[in-house]
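Dear colleague,

I am passing on the structure we spoke about. Please find it below, with my notes after it.

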Amino acid sequence: MTSLAPIGILGGTFDPIHYGHLRLAQEAFEQCSLSSVRFVPSGTPPHRTKPHASAEQRLQMVRLALQGQSDFVVDEREVRRTDPCYSVDTFGALRAELGLQQPLCLLLGSDAFLQLHTWHHWQQLFELAHIVVMQRPGRPLGNAILMADEALRQQYQTRLAPAPRLLHESASGLIVVLDMPQLEISATDIRNRAAQNKNLRYLLPDAVAHYIHSNKLYKTC
Ligand code: ATP
């Protein structure tokens, strides 16, 4: 049993950050009694196509979205790197900084979790963190995990924990699946709307919508 409340880590391209990301963080924060959530915008994502906005612009949008939220903080470490940066390296660095006792939770939408086996040295992540999977619209885990990569399915079946309170009892190694309000919002859809000069209100914080507008982001998506 560790006496430290877990810290949530939400990585993403955040191209741009939107209410789907923010609600995911809020649900994990409340349901898992996290002490904080760190948002880690990616620099040069190794397993995805190049983002549309620059790393600095994506970072700035995350900063704007988190203004006034003391439980949510931006972690700039991946944006500051110029070489490709893998999640396993980020979690290794966090573990070294925060110590062996601190529970860490990698927060993932169900779509991202079903691709976890494609990540660099993904199985090492279980030595460094718990994984909290939030069910995302159109990507429920239920049947999908039965059809998923065999090694991923095995890890899921071995590590699945029935309740988020168990995340407080060890520093890493468990998988917890949680429900959240289903928000059919994606960065892809927001970029397409921005390209068509459509109003982005109620999909993301106003400050982020204004930033996209004033910097003429996503005009050619
Ligand atoms: P894109 O449309 O460009 O692929 P995205 O909206 O999926 O982007 P990412 O930055 O790739 O955003 O997502 C970061 C994390 O947030 C992932 O774990 C993803 O599953 C999760 N996520 C994104 N949108 C939602 C949403 N609407 N509800 C719940 N989780 C989400």
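Helix H9 (residues 206-214) contributes the most to the lining of the second largest pocket, with five residues. Please keep in mind that this is a predicted model. The volume of this second largest pocket is about 250 Å³. Its lining comprises 14 residues, and those closest to the pocket centre are Lys198, Asn199, Leu200, Ala209 and His213. By class, the lining of the second largest pocket has five nonpolar, four polar and five charged residues.

Next, the sheet. Six strands make up an open sheet with parallel pairing, in the order E3-E2-E1-E4-E5-E6. Strands E3 (72-74) and E6 (175-178) are at the edges, each pairing on one side only. On average, and with direction ignored, neighbouring strands of the sheet are turned by 25° against each other.

Some details of the pairing follow. Strand E1 (residues 7-12) runs parallel to strand E2 (residues 36-41), and six bridges join the two; Gly11 stands opposite Val40 in E2. E1 is also joined to strand E4 (residues 104-109), again in parallel, by three bridges, with Gly8 opposite Cys105 in E4. Strand E5 (residues 130-134) and E6 run parallel and share four bridges; Val133 has Val177 in E6 as its bridge partner.

Finally, helix H1 (residues 19-31) forms a right-handed β-α-β unit together with E1 and E2. H1 lies across E1, E2, E3, E4, E5 and E6, and runs at about 150° to E2.

Regards

Note on methods. Residues are numbered from 1 along each chain as its sequence is written. This is a predicted model: local features need pLDDT of at least 70, side-chain atom pairs count only at pLDDT 80 or more; totals for chains, interfaces and linings use all residues. Side-chain values use heavy atoms; hydrogens and water are left out. Two strands pair if DSSP finds at least two bridges between them. A crossover is right-handed if, with the strands pointing away from the viewer, the path from the first strand over the helix to the second runs clockwise. On a 1 Å grid over the protein atoms alone, a cavity is a set of points where a 1.4 Å probe fits but cannot get out, and a pocket is an open set with protein on both sides within 12 Å along at least five of seven lines; lining residues have an atom within 4 Å of a point. Grid points are joined across faces, edges and corners, and a volume is the space filled by probe spheres set on the points. Ala, Val, Leu, Ile, Met, Phe, Trp, Tyr, Cys and Pro count as nonpolar, Asp, Glu, Lys and Arg as charged, and the others, Gly among them, as polar. Axes are lines fitted to C-alpha atoms, for helices over the stretch in contact, and angles run from 0 to 180 degrees between N-to-C directions. Contact means heavy atoms within 4.5 Å.
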